[in-house]
Amino acid sequence: MKSAIKLIIIYLMRLLMKILHIFPIKENRIICNAYRGMQYAGNPKYLSEYISQKYSLEYEIIWAFKTPKKFAYLSDRGIKLVKYSSIKRFYYEATAKISINNIGSFSWLPLRKGQEHVNTWHGGFGVKKCGLDESANNKIMKRTIQMSTDNTTNLISTSEEFDRDIAVKDLGFKRTTLKIGYPRNDILFKQKNGEIDLRDKVCESLGINSGSYIVLYAPTWRYNRKYKWTSIDYNSLKSIIGEKTGREVAILYRMHHLMESNMGSERFTIDATDYPDMQELLAVSDCLISDYSSCIWDYSIMGKPIYLYTPDVDEYDKERGSHVRIYDWGFPVCRTNQELFEAIMCMSSVRGGELAEKFQTVNGSYENGLACERFWDYILSRNSYNAYSGEK
């Protein structure tokens, strides 16, 4: 019943949007949102910053947020803020040359001739089935997903695996993807190659010693929105890594934005959930512990150890499933604390780098650290005009 009501609302919104087509497209207008207006993050953030830094006077950049006041600081950078569910936002969407989001929510937004609807998506690897291939989605929900895809002109891809599984099976995308890698991952290449160093910035923000060995624990979400995060023995984890590395150890945990936290006041960890940029955490961490999260794709770029802590692997596989079996990803799959600790003790930094590099290679990675530049070059060549002057 809820899905049917949602579909009716989408059709009504499409009608409203078509009425707004009486207003002309503004050739230098770009509107963005991430996670349905909840965050200033991910691929849309990095594309927005690249465009604003390189073409600060040429483009009008707008961000839609559910709570614009939380992001008021962006106004100082020349970015316009608008309420996510507002007539003003609908007007901007109807008249923007380019609309960018990382969920693909274009079902209610009919594509106008001359517009670019960019779905950057948010998962770079088919870790878990979603969209059209997700068993929890009924026919009406899948219909809305296909409507969104049909109104998408550009889908950014990270790899051959993405093209095969996410683009086709999950999203039903029938056009050619933009095989450029993720804009949000450009910063990881810069950190890895020594072009920037974010370590002091992140450590100062979180109150940890910059010389610490940083462990990032970042599991994904579950349908019931709950997960027993404290099933890891953090005290032992800290001791084992400290003994192995001879360094002070800082364990960060990062809660998925769709999850309810039950960490409480775990005294052996540091809550990095509210740190504003996940990519910066990935850039400075010395190892990653995750499960079925696509952050393992991003982090593998860093060439450092990755461990999969999956005590609910059988349950999760039945409930959600993945395109590539977790045991074929190439990283240690650990069901218990003991298995996790053994994997850590056996893993060298060199071996961790080899596994990460193989993961990228086997899946046909398109990542090279130039995604923002390659995206914008494509957009300019596709439209072949100077947006500021409007001249062909």
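## Rings, charge and surface in a predicted model

The charged end of Arg89 sits over the ring of Tyr84, 4.3 Å from its centre (the rule asks for NZ of Lys or CZ of Arg within 6 Å of the ring centre and within 35 degrees of the ring normal). This is a predicted model, where local features need pLDDT of at least 70 and side-chain atom pairs count only at pLDDT 80 or more, while totals for chains, interfaces and linings use all residues. Residues are numbered from 1 along each chain as its sequence is written, and side-chain values use heavy atoms, with hydrogens and water left out.

Now to the aromatic rings. Rings of Phe, Tyr and Trp (its six-membered ring) pair if their centres lie within 6.5 Å, with planes under 30 degrees apart called stacked, over 60 edge-to-face and the rest tilted. The count comes to 18 aromatic pairs by this rule. Tyr59 and Trp376 make an edge-to-face pair, because their ring centres are 5.3 Å apart and their planes stand at 80 degrees. This pair links distant parts of the chain, 317 residues apart:

| Residue | Location |
|---|---|
| Tyr59 | loop between α2 (42-54) and β2 (60-65) |
| Trp376 | helix α14 (residues 371-383) |

Helices (H or I, at least four residues) and strands (E, at least two) are DSSP runs, numbered from the N terminus. Both Tyr59 and Trp376 are buried, meaning under 20% relative accessible area, with exposed over 50% and partly exposed in between (1.4 Å probe, protein chains only). Elsewhere, ring pairs join Phe125, Trp297, Trp329, Phe331 and Phe359 into a cluster.

As for the whole chain, its secondary structure comes to 14 helices and 13 strands, and buried residues make up 59% of the 392 residues. By contrast, Met1 counts as exposed because its relative accessibility is 80%.
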